[in-house]
Amino acid sequence: MDDKIISNSRALLQECDAVLIGAGSGLSTAAGIEYGGERFQRNFPDYIAKYGMRDMYSAGFYPFASLEEKWGFRSKQVKLNRYDTKVGDVYLKLLDLVRHKPYFVITTNVDAQFERAGFDKRNIFAVQGDYGKFQCTVPCHNKLYDNESQISAMAAQQADCQIPSELVPYCPNCGEPMMLHVRIDNTFVENSNWHAAKQGYSEFLGQFHNQKLLLLELGVGFNTPTIIRFPFEQFSRQFPHTHLIRLNKHNARSLDTLKTSNLLVEGDICQWLNKLTEL
Ligand SMILES: [Zn+2]
C-alpha cells in the first residue's frame, strides 16, 4: 500500500476530534471470518455434499424442508462465526487506533466482533442485529434471548445435518418458532436497546458534525449502501470539517464528487491497519 495513503490516513486520524466508524462485511472478512472458500469447505463438508451449498452467504437463503434441518445449518454457522472464532486482529488494531478519541461504531455485521474486541457497548449500533440472540418469528413480543447454550447443543447433537426435534427453539410466549435476531425483513425486532443505540448514533453525529469528525468506512460494499455508505458520503459533503477514509477491496470510488481531502482506497484493510499501527 502506498506510503502516501498511510501518512495521509495518519494525519487525518491525529487531527480529528472524533471518529465515526462504519463497518461492513469486508471488515469481518479481513478478520478471517470468510463466508466462502477453504473455511467454508473445511467446516461444512456434510452440508456441501447433501445440499450442494457453495458458501455461507447463499446457504443462508437455502429453502430447508424442516426446522430441524434449518437449525442444523444455522447452529453450525452461528457457533463458528459468533462463538468459536477468535476476535480478529483487525478489530483489536482498530480499537487501538481510536480508543483515545471519542468514537462511535455503526455496523451491518451481526457477529459482535466490535463488542468482543472491547469497543464500548454503549458506542456500538449494530443495525442488522446479532447472531447471538433469538427473537420470536411473529414477533409477538420484543424480547431477545441469548442463544449460546442452545446453539452449542444444536451444533453438538446434530446428525445427518439435522438437530433433534426437541432442540428446535419455540417462542416461550406464543409458541411459534424462534429465529436469529438478524434482519431479513420487517419482522426484525427493534427493542429498546436497538433504539437506544440508534439514538446514540444520532447524538454522536449531533455532537461532532461541526467539529473535525473523521468518517472511517471499512469494508462496506453495495449490499445495503443506504445504511452506511451513502450517508457517510452525504455527511462528508454536508459537514465542512468532516473527512472520509474509505477502505474497500473493490468499488471504493464514489459516483458523486467528494472533497479532495477524502481518501477512497481500494486495498487491503489488514495491510492498512498493520502499517498504521506499526510505529
Ligand atoms: Zn412469539
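The four donor atoms around the zinc ion subtend angles of 103 to 120°, so the arrangement comes out tetrahedral. Keep in mind that this is a predicted model.

**Zinc site**
- The protein donors are the SG atoms of Cys 136, Cys 140, Cys 171 and Cys 174, sitting 2.3 to 2.4 Å from the zinc ion.
- Along the chain, the donors follow the spacing C-x3-C-x30-C-x2-C.
- Cys 136 is buried, at 0% relative accessible area, whereas Cys 140 is partly exposed at 32%.

**Salt bridges**
- Lys 50 pairs up with Asp 160, with 3.6 Å between the closest N and O atoms. Lys 50 is in helix α4 and Asp 160 is in the loop between α9 and β6, so this bridge ties together parts that are 110 residues apart in sequence.
- Lys 50 is partly exposed at 35% relative accessibility, while Asp 160 is exposed at 55%.
- Arg 246 and Glu 217 also form a salt bridge, their closest N and O atoms being 2.8 Å apart. The pair links strand β8 to strand β7, so it ties together parts 29 residues apart in sequence.
- Both Arg 246 and Glu 217 are buried, and they join Glu 233 in a network of salt bridges.
- Arg 99 meets Asp 96 at 3.2 Å, N to O; Arg 99 is partly exposed at 45%, and so is Asp 96 at 44%.

**Aromatics**
- Ring pairs link Phe 40, Phe 44, Tyr 47, Tyr 51, Tyr 62, Phe 64 and Phe 73 into a cluster.
- The charged end of Lys 76 sits over the ring of Phe 44, 5.4 Å from the ring centre.

Definitions and conventions
Residues numbered from 1 in each chain as written. Predicted model: local features only at pLDDT ≥ 70, side-chain atom pairs only at ≥ 80, totals over all residues. Heavy atoms only, no water. Donors = N, O, S within 2.8 Å, 3.2 Å for Na, K, Ca; no water. Tetrahedral: all angles 85-135°; square planar, octahedral: opposite > 155°, others 65-115°. Buried < 20%, exposed > 50% of the residue type's maximum accessible area, 1.4 Å probe, protein only. Phe/Tyr/Trp six-rings, centres within 6.5 Å; stacked < 30°, edge-to-face > 60°. Lys NZ or Arg CZ within 6 Å of the ring centre and 35° of its normal. Salt bridge = Lys/Arg side-chain N within 4 Å of Asp/Glu carboxyl O. Helix = DSSP H or I, 4+ residues; strand = E, 2+ residues; numbered from the N terminus.
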